[in-house]
Every structure is written in structure tokens, then in C-alpha cells.
Amino acid sequence: MSDHCCCGCVPNGIHESEDHPIGNDKWPAICIFLLVTALFPQSSNSKSKCNISEILKDYKLVIFQDVKSLVGPGRNDAQDVTLGHGEGKAIGRRLNWKAYRSRSEGGMAEVQMDPELALGLFEEGATLVLLGVPEGTELGIDYNTWQVGPRFRGVKMIPPGLHFLHYSASNRPDRGGEVGPRTGVFLNLKPRDICLARWNGAEEDLDFSDSQEEEVERVRAGLRDLDRFLGPYPYGTLRKWVSLTNRMTEDGVRNLQPLSGKICAFAQVLPELALRHTQDRLEQNLPSYDSECHSMQEGLERLPKMKQKPGTEMRFSEIPKQNYPEGATPAQITRCSMDLSYALQSLIDRYYKQDPQQILGELQFAFVSFLIGNVYESFEHWQKLVNLLCRSEEAMQRHRSLYLNLISVLYHQLGEIPPDFFVDIVSKDNFLTSTLQEFFLFAAGPDVDATLRKRAEKFKSHLTKKFRWDFEQDPEECAPVVVELPEGVTLD
């Protein structure tokens with residue numbers, strides 16, 4: 001996570017010094033000239049009011065120059081958001097950018113912006129007003145997190161689009177300082193939006209039900225007085241956030257997230273049977289709680305059976321359990337087990353028939369929910385989707401643009417996780433290397449589009465160089481099996 005600070009808050013759980021309070025009268029100027037300038041370039045002849053939506057739309061495209069090594073120079077594919085170097089320059093000229101360059105060590109774009117454009121972003125950005133959040137609470141937005149300080153009232157200057165607000169209740173330091181599980185909510189913000197929430201101390205959760213029109217307008221009228229208590233959005237990591245979520249849409253998130261709208265790191269569960277009294281257990285022919293337990297197995301059987309609380313379940317698409325069609329011959333079953341294109345097409349036809357590219361939005365949703373929301377179920381689903389997409393040879397020929405964009409999505413995702421993260425502790429096998437090995441093998445086929453084949457080869461070289469993964473060895477299941485013969489037994 002980032003080292004940005006928020007009004008009265010500081011990163012890594014360290015409160016700032018009282019001698020240098022963030023929420024002073026100089027904060028708006030600091031926001032404009034230090035934080036926002038990390039995003040846009042200088043425009044010396046721009047006098048009209050800035051259009052924040054258009055600017056961020058163009059910036060969203062430019063950030064993908066990181067993967068220009070995976071694209072041929074000058075390529076212009078309407079279905080592919082990954083831009084070549086020439087396209088990035090064209091967009092830069094349209095925005096009157098003087099410079100665009102990346103720092104290799106940090107991977108962040110360093111660009112400059114004139115004060116007029118900065119002021120426009122300050123006025124047009126969305127504001128998140130969070131009232132009553134206890135001091136010490138861990139709270140973050142997108143790729144940043146802070147420990148809330150005593151003056152915190154929210155976040156300002158938020159660029160329009162999809163954002164992920166996440167928070168964790170914590171005890172006071174004198175009570176141990178333990179931090180609770182993380183809860184998150186996706187917000188789709190528009191220019192000048194004000195999103196209002198209050199902290200519910202009993203539930204240790206943010207309550208957004210107060211965001212009524214009258215209340216929001218009252219907050220808007222006093223926003224200038226509230227300004228010094230609002231921390232600025234951390235633009236230093238906006239580029240990374242967009243690269244991880246560019247395929248996600250508001251409708252897609254709404255269909256995937258729990259009905260409650262809250263994404264919780266730990267599943268909220270309830271007992272299948274509410275056996276609160278001894279009589280309730282007797283009616284179910286169960287022993288009373290105070291009766292003696294004679295074995296570990298008996299004790300386990302007495303534990304209540306739990307189910308996930310309705311409305312809190314992730315609503316991921318269901319991966320087909322059967323990889324082959326009904327009535328398939330043994331040869332077809334074997335082929336569909338090696339090439340998962342039938343299962344992938346079944347999933348696309350069921351959930352994303354209108355736009356197969358939306359499956360990449362689900363892939364990004366699962367990854368972000370795990371990486372930032374700490375939801376392990378999302379990680380498991382991400383693995384299943386990657387496995388399904390990478391082991392579908394026939395689908396590569398049918399969905400060319402889908403696979404071109406899949407490489408870009410995986411490029412950004414794999415940059416956020418240590419290379420040994422996917423190694424199985426018991427078998428020592430790396431899930432990603434074995435899965436991607438089959439992907440690169442399929443992508444090298446003669447019937448695969450030449451552009452996709454070339455980009456897959458460059459992606460393979462990138463991973464080999466960065467992570468030192470070896471994709472040239474034969475897959476584990478194809479390797480020869482060595483059998484030790486009993487003593488005295490020989491082969492003629």
C-alpha cells in the first residue's frame with residue numbers, strides 16, 4: 001500500500017506530529033500543487049474550464065503504455081485498450097501534454113499540470129464524507145490505506161469512476177490495538193458527487209443510509225468549512241488502480257458483489273438451526289449442552305452446522321463442473337478434458353453472451369477483492385477463471401480480442417504478487433507456471449492469430465525474465481514416470 005497520508009491520518013499506523021497537522025489552512029494549496037500534479041501535464045495555453053471526465057478517460061488509455069512491449073508499434077485495435085507508443089503520443093498531443101515519462105524504479109508516471117487544470121480537478125472531483133469514524137480505524141480507498149486520525153472526516157478530489165472503499169475497526173492501543181477483519185464497498189462516483197456515511201459504533205461498520213438528498217445538500221453547502229478535515233485522494237497510485245480495474249463496469253460489479261453491497265474478508269455465518277434453548281435440542285434429538293462429551297468426534301458433531309448469511313455471498317459465475325457435452329464419446333471427453341474450450345464457451349453463453357470481454361471484468365473483480373478486500377474465496381475463483389481461460393486452445397482462435405486483452409490483464413495482476421505466492425507448500429508446484437505453460441503452448445499453435453501468438457511470446461519472455469519461471473520444461477503430467485522394480489526383477 002502507499003505511503004500517502006490523509007487528514008489527521010498517517011500510513012502504517014503512525015499518527016502524525018501535532019506540530020504539523022495536515023488539516024491546516026494551507027492544505028488546499030498543497031493538494032493542488034503537490035498531489036494532483038502527479039497526474040496531468042502542463043498546458044500553457046488552456047484557458048477553458050477543464051472537463052475532468054474527458055481528461056481521465058484519456059489518462060486511462062495512456063497508462064497502458066507499460067505493456068507497449070507486448071504490442072507492435074503503431075497498432076490500432078479498437079478492441080484492445082493496450083496502446084502502442086505512437087498512440088500514447090497522439091493522446092498526449094490532444095491533451096497538450098508537454099511530457100510523459102515513467103520512472104522505472106516506481107513504475108509511476110511523472111507528469112506536470114498547470115494550476116488552472118489542478119483547480120478544475122479540485123472543484124470537479126467527488127467527495128467522500130465519513131463522519132464519526134473512530135481514531136485508529138484502518139481505512140483506505142483503492143490501493144491506499146491509512147490509520148484514521150482525530151481530525152479525519154473523509155476524502156476529497158476523488159476522480160470519477162469506480163473506487164473501492166475499505167476499512168477495519170480496531171481497538172484502542174490501551175486495549176490491545178487489535179484490528180478487525182476488512183470490509184469493503186465499491187462506489188461508482190461522478191464529478192462533484194458527495195457520498196455520505198456515518199460510523200455505526202454498535203455494528204462497527206459504515207452506514208450509507210443517511211445519504212438522503214437533503215442531508216447531502218446540507219453537507220455540500222458546508223463543504224468549504226469541512227475542507228480542512230478532508231484528505232486528498234492519493235493520485236500517486238491512480239495509475240495502478242486503473243490498470244487493475246479497467247475492465248470492470250458498474251453493472252458488472254453490481255452483479256458480482258453480495259446483495260448487501262458489502263464485501264467482507266470473513267464470511268458472515270448463521271446456524272442452520274437456531275437451537276438456543278435445551279428444549280430446542282431435545283426436540284431435535286440432540287443432547288443438552290451441559291451433558292458430558294465422551295470423544296472428540298462427539299464434540300465435533302455437537303457443534304452447530306453453519307451457513308452463510310443470506311445476502312453476503314459473492315455472486316461469481318459458476319464454473320461448469322462438466323467439461324464435455326451430454327452424450328459425448330470417450331474421445332470427445334478426453335479432448336474436452338485437455339482443451340477446456342467447451343466449458344469456457346458454456347460459461348460465456350450463460351453469463352456473457354452479449355459481450356465475452358466482460359469475463360475479464362469478473363477476473364479483475366475477483367483479483368481486487370482478494371488483493372485489497374482480503375477475500376480468499378475471490379482468490380480461489382480467480383484461479384479457476386485463469387485455469388479455464390489459459391487451457392482453452394480452440395477458444396483462442398474464436399475469441400482473438402478476448403485473449404489479446406487477457407494478456408494485458410494478467411500482465412498488471414502478476415506485477416502485484418510475489419512470484420512464489422502460487423507455489424503449493426506440499427507439492428512445491430507453481431499453479432501459475434503450469435497453467436501458463438499450457439497457455440503459451442496453445443498460443444504457439446499454427447492456427448492462432450499471428451498478433452496473439454507474437455504477444456504471447458513476448459509475455460512469456462517478460463515473465464521468464466522478471467520471475468525466472470521456466471516454461472520450457474515438459475508439463476508434469478507429460479513427464480516420464482520412473483518405476484522402481486522389486487529386488488530380483490529385471491527387464492529383458
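## A tour from Met-296 onwards

Start by selecting Met-296, which sits in helix α10 (residues 296-302). Helices here are DSSP runs of H or I with at least four residues, strands are runs of E with at least two, and both are numbered from the N terminus. You're looking at a predicted model, so local features need pLDDT of at least 70 and side-chain atom pairs count only at pLDDT 80 or more, while totals for chains, interfaces and linings use all residues. Residues are numbered from 1 along each chain as its sequence is written, and side-chain values use heavy atoms, with hydrogens and water left out.

Met-296 counts as exposed because its relative accessibility is 66%; exposed means over 50% relative accessible area, buried under 20%, and partly exposed in between (1.4 Å probe, protein chains only).

Now zoom out. The chain has 18 helices and 14 strands, and 46% of its 492 residues are buried.

Next, pick Asp-142, in the loop between β4 (138-141) and β5 (144-147). Asp-142 is buried but has no salt bridge, and the nearest side chain of opposite charge, Arg-182, is 11 Å away. A salt bridge needs a side-chain nitrogen of Lys or Arg within 4 Å of a carboxyl oxygen of Asp or Glu; for charge, Lys and Arg are positive, Asp and Glu negative, and His and the chain ends aren't counted. Beyond four places in sequence, the contacts of Asp-142 (heavy atoms within 4.5 Å) include His-163, His-166 and Trp-241.

Hop to Gly-136, in the loop between β3 (126-131) and β4. Gly-136 touches Gln-147, Val-148 and Ser-170, leaving out residues up to four places away in sequence.

Time for a helix: show α14 (residues 376-390). Its 15 residues reach 21 Å from first C-alpha to last, close to the 21 Å expected at 1.5 Å a residue, where the expected span is 1.5 Å times one less than the number of residues. Among its buried residues are Phe-379, Trp-382 and Leu-389, and the cover over the buried residues of α14 includes α12 (341-351) and α17 (431-443).

For salt bridges, there are 15 to find. An α-helix has 3.6 residues a turn, so residues three or four places apart point the same way.

Glu-472 and Lys-460 pair up at 2.8 Å, N to O. Glu-472 is in the segment after α18 and Lys-460 in helix α18, so this pair ties together parts 12 residues apart in sequence.

Last stop: backbone angles. Most residues other than glycine have a negative phi. Met-157 has a positive phi of about 60 degrees although it is not a glycine, and Met-157 is in strand β6 (residues 154-158).
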